[in-house]
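Here's a quick walk through a protein chain and the ligand that comes with it. Have the viewer open and follow along.

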Amino acid sequence: MARKIAFINYKGGVGKTSLIVNTAACLARLGLRVLLCDFDTQSNASIWLLKLERWNPINATGEGAVFSIFEPGRARVKDLILHNVVADKAGGCPLPGLDLLPTSFNLVDLESEYAGAPRRPAYLIFQEQLAEVEADYDFVLFDCPPNILRASQCGIFTANEIYVPSNPDALSLIGFTLLVEKLGRFHQLSASFRRTAMGPASQIYGIIFNAIKTGVDIEVPKMRMQLRLNQFKTAKRAAKEAKIFETFVRDAMVVRRAVALGLPVNLLGQEAAGDNVVRDYERLAEELVNSAPPPSA
Ligand SMILES: Nc1ncnc2c1ncn2[C@@H]1O[C@H](COP(=O)(O)OP(=O)(O)OP(=O)(O)O)[C@@H](O)[C@H]1O
Ligand SMILES: [Mg+2]
């Protein structure tokens with residue numbers, strides 16, 4: 001069964017998208033089948049992996065974007081998935097096994113204009129449709145915006161595991177705390193829609209530190225984060241296995257470059273050769289693979 005994982009923090013700009021895209025790419029490199037679902041209206045992950053020339057037509061019409069499963073509601077997730085999404089200049093796929101469910105800017109309409117039916121919340125519609133394809137994957141990853149509004153809820157409801165990207169600062173800690181609060185409330189509200197086959201409601205399993213500058217000591221922010229995590233574990237608001245990942249991702253210019261080039265950093269070749277940040281993402285992917293919750297969870 002696919003592991004379904006959301007990356008989210010209530011703090012913006014901590015590196016959710018760059019971590020999820022690069023980790024997804026490393027998982028695919030390990031030979032795993034990965035579906036990345038973009039639930040951020042900003043469409044950063046979609047633009048990154050499709051480059052503007054392939055993403056612009058989707059954004060212009062909304063056709064092919066995830067919002068079309070809600071409005072007009074005729075499309076289905078299985079038909080929207082872009083298989084082997086990364087393309088090289090010759091049109092080949094240098095990274096087989098990485099698929100994308102793309103979004104466009106119209107996803108913002110899910111938050112306001114979309115009414116839907118009260119007994120059919122958007123997250124349930126999405127979860128049911130994802131269930132049709134999840135057996136095709138080892139990992140289904142959800143990139144979420146820094147909130148738990150409707151788009152995020154699709155990821156949070158469908159996922160079983162949550163990982164919290166953080167920077168070593170007080171704002172990330174506040175973002176984490178707020179996330180736990182809002183998550184509890186959302187799980188209460190959505191509990192009546194959960195079925196056994198969906199697996200357990202998503203829980204926090206890990207904190208991932210990102211963009212650590214050379215020479216910066218993160219022991220104190222790490223300790224503060226660990227204390228907060230321990231409180232949540234004691235209160236059963238985070239999984240008992242939850243941990244701060246041993247791997248942290250260093251700050252590196254090439255991460256910003258990768259977006260402009262439309263490739264994950266592990267495909268940058270010469271540009272990233274010798275840059276240890278590639279190794280960070282590889283180790284992160286390995287740590288994620290090795291941190292699978294016990295089957296009973
Ligand atoms: N390890 C890193 N080294 C250098 N720059 C990074 C690193 N990680 C992320 N960045 C840069 O920081 C910025 C924010 O990263 P990213 O978009 O991944 O954050 P986010 O949490 O997804 O943001 P949002 O909340 O807006 O969705 C981007 O410009 C990204 O390229
Ligand atoms: Mg993002």
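In which sense do β6 and strand β7 (residues 243-244) pair, and over how many bridges? They pair in the parallel sense, over two bridges. Before going further, keep in mind that this is a predicted model.

## The whole chain

Start by zooming out. The protein chain has nine helices and eight strands. Its radius of gyration is 18 Å, close to the 19 Å that the globule rule gives for 297 residues, so the chain is as compact as a globular protein of that length.

Of the 297 residues, 47% count as buried. Take the contacts between residues at least 6 apart in sequence: 77% of them join residues at least 24 apart.

## Strand β5

Now find β5, residues 161-166. Six of its six residues are buried, so this strand is largely enclosed by the rest of the structure. In a regular strand, side chains alternate between the two faces of the sheet. Here E161, Y163 and P165 point one way from β5, while I162, V164 and S166 point the other way, and all are buried.

What does β5 pair with? One partner is strand β1 (residues 3-7), which joins β5 in the parallel sense over three bridges. In that pairing, I5 has E161 of β5 as its bridge partner. Another partner is β6, again parallel, this time over six bridges. To trace that pairing on screen, look for E161 opposite Q203 in β6, then for S166 opposite F209 in β6.

## Strand β6 and its neighbours

β6 covers residues 203-212. Nine of its ten residues are buried, so β6 too is largely enclosed by the rest of the structure. Back to the opening question: in the parallel pairing of β6 with β7, G206 stands opposite K243 in β7. β6 also runs parallel to strand β8 (residues 249-250), and two bridges join them. There, N210 has V249 of β8 as its bridge partner.

Helices link some of these strands into units you can pick out by eye. β5, helix α6 (residues 170-190) and β6 make a right-handed β-α-β unit. β6, helix α7 (residues 219-234) and β7 make a right-handed β-α-β unit as well.

## Around ligand 1

Which residues come nearest to ligand 1? Of the 20 residues around it, those are G12, G15, K16, T17 and S18. By class, the shell has eight nonpolar, eight polar and four charged residues.

Where does the shell come from? Among the contributors, α1 (16-29), β6 (203-212) and α8 (253-261) each supply at least two residues. That brings us back to β6, the strand that pairs with β5 over six bridges and also gives residues to the shell around ligand 1.

How values were computed. Residues are numbered from 1 along each chain as its sequence is written. Chains are lettered from A and ligands numbered from 1 in the order in which they are written. This is a predicted model: local features need pLDDT of at least 70, side-chain atom pairs count only at pLDDT 80 or more; totals for chains, interfaces and linings use all residues. A residue is near a molecule or strand if its C-beta atom, placed from the backbone, lies within 6 Å of it. Helices (H or I, at least four residues) and strands (E, at least two) are DSSP runs, numbered from the N terminus. Ala, Val, Leu, Ile, Met, Phe, Trp, Tyr, Cys and Pro count as nonpolar, Asp, Glu, Lys and Arg as charged, and the others, Gly among them, as polar. A residue is buried if 20 or more other C-beta atoms lie within 10 Å of its own, exposed if 12 or fewer, and partly exposed in between; C-beta atoms are placed from the backbone. Two strands pair if DSSP finds at least two bridges between them. A crossover is right-handed if, with the strands pointing away from the viewer, the path from the first strand over the helix to the second runs clockwise. The radius of gyration is taken over C-alpha atoms; the globule rule is 2.2 Å times the number of residues to the power 0.38. Two residues are in contact if their C-beta atoms, placed from the backbone, lie within 7 Å.
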